[in-house]
Structure formats: C-alpha cells, structure tokens
Amino acid sequence: MKDVLFVAAGGALGTSTRYGLQSLLPAAGADFPLGVLLINWIGCLFLGWFFTVTLRSWRIKPRLRLAIGTGFTGGFTTFSTFAVDAVRLTVHDRMLTAVLYLLLSVGGGLFLTWTGIRLGTKMTQAAPKEERL
C-alpha cells in the first residue's frame, strides 16, 4: 500500500508540473501539438537518464525511485493526450501533420530515451585515475 502512495504523490507532482509547463507553451489547437511533444520528449530524456544513474550508482531508496520514475514521470508525460492530438489532426484533415507528429513523437522519444541512457552511463562511469609523476 505504501508503494501506491509513493506513486500517487509522485504522480500528483508530475501532473502539476506538466500542467504548469503546458500553460507556458503554445496550445495544441488544430495546428501542431508542440507542447505535448516537448513534454513527452523531456520525459523520455529524463526517464532514460534517471533509471540509468539510479540503478548504476546513485543509491536511492526503491520507493523514492518508484515515486520519481513511475509516479512523477508517468504523471508528467501523457500518452493519452498524444493519442487524442494525433486523432484530432486526422479529423481536421491534417494527415501529413499527423504523420509528422507521430514520427517525431515516437522517433524523437526513442532517440531521447537512448540519449538519456547514454548520458547517465557516461556520468556513472568511473573516471580514469590520474597518472602520478
């Protein structure tokens, strides 16, 4: 039961953060859902980095990792809004824009997750010892 509370607390913070950030970004409308794309990209980069550094060298409590990784990041990112925006673009006869949005979302998300993992890996690799003179 405590795990659920940690996920819920992290989710509340992630959702509130997304709401605040999304209010600063352009609205989705019928043009292009840039705000959702950027938020999901940030979440992909962060989650790839976060799970890499916390599993490799940062020893944080499992419940905190659950609250941040599953709760916060899950609440911050939004697959459902991504799907609704993609459908909305097709309903408004913006097929090319919808395909571009889908490709950028999935391709960019995968690339940024990989980038986050690489960044986390580089951060946690042991630095070479300096040569003594």
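The coordinates come from a predicted model.

Four residues of α4 are buried: Phe 82, Asp 85, Ala 86 and Leu 89. Viewed down the axis of α4, these buried residues fall within an arc of 100 degrees, so they line one face of the helix. An α-helix has 3.6 residues a turn, so residues three or four places apart point the same way. The other side of α4 carries the exposed residues Ser 80, Val 87 and Val 91. Cover for the buried residues of α4 is provided by elements that include α2 and α5 (95-124).

Phe 82 is one of the buried residues of α4. Setting aside residues up to four places away in sequence, Phe 82 touches Val 36, Asn 40, Tyr 101, Leu 102, Ser 105 and Val 106.

**The largest nonpolar core**

Phe 82 also belongs to the largest nonpolar core, which has 7 residues in all: Val 36, Leu 37, Phe 82, Ala 86, Leu 89, Ala 98 and Tyr 101. Each of α2, α4 and α5 supplies at least two residues of this core. The most comes from α4, with 3 residues.

| Helix | Number of residues | End-to-end C-alpha distance | Expected span at 1.5 Å a residue |
|---|---|---|---|
| α2 | 23 residues | 33 Å | 33 Å |

Buried positions in α1 are Gly 10, Gly 11, Gly 14 and Arg 18. The elements covering the buried residues of α1 include α2 (34-56) and α3 (62-76).

In α2 the buried residues are Gly 35, Val 36, Leu 37, Ile 39, Asn 40, Gly 43, Gly 48, Trp 49, Phe 50, Thr 52, Val 53 and Thr 54. What covers them includes α1, α3, α4 and α5. Two of these buried α2 residues, Val 36 and Asn 40, are among the residues that Phe 82 touches.

Thr 73 is part of helix α3. Its relative accessible area is 4%; because this is under 20%, Thr 73 counts as buried. A polar atom of the Thr 73 side chain lies 3.5 Å from the backbone oxygen of Gly 69. Not counting residues up to four places away in sequence, Thr 73 touches Gly 43, Phe 46, Leu 47 and Ile 68. Of these, Gly 43 is listed among the buried residues of α2.

Ile 60 sits in the loop between α2 and α3. With a relative accessible area of 24%, Ile 60 is partly exposed. Beyond its neighbours within four places in sequence, Ile 60 is in contact with Phe 50, Thr 54 and Arg 65. Phe 50 and Thr 54 are among the buried residues of α2.

**The loop between α4 and α5**

His 92 is found in the loop between α4 and α5. It is partly exposed, at a relative accessible area of 44%. His 92 and Asp 31 are 61 residues apart along the chain, and their C-alpha atoms are separated by 9.4 Å.

Asp 93 lies in the loop between α4 and α5. The relative accessibility of Asp 93 is 68%, and the residue counts as exposed because that value is over 50%. Phi of Asp 93 is near 55 degrees, a positive value in a residue other than glycine. This positive phi occurs just after α4.

**Annotated segments**

An unreviewed UniProt entry lists residues 34-52, 64-84 and 96-117 under "transmembrane region". Over residues 34-52 the model is 100% helix and 0% strand, with end C-alpha atoms 27 Å apart. Over residues 64-84 the chain is 90% helix and 0% strand, and the end C-alpha atoms are 31 Å apart.

How values were computed. Residues numbered from 1 in each chain as written. Predicted model: local features only at pLDDT ≥ 70, side-chain atom pairs only at ≥ 80, totals over all residues. Heavy atoms only, no water. Buried < 20%, exposed > 50% of the residue type's maximum accessible area, 1.4 Å probe, protein only. Contact = heavy atoms within 4.5 Å. Polar contact = N/O pair within 3.5 Å; in protein donor to acceptor, adjacent residues only side chain to side chain. UniProt positions renumbered as here; feature names shortened; annotations may be inferred. Arc of directions from axis to C-beta. Core = buried A, V, L, I, M, F, W, Y, C linked by side-chain atoms within 4.5 Å. Expected span 1.5 Å × (residues − 1).
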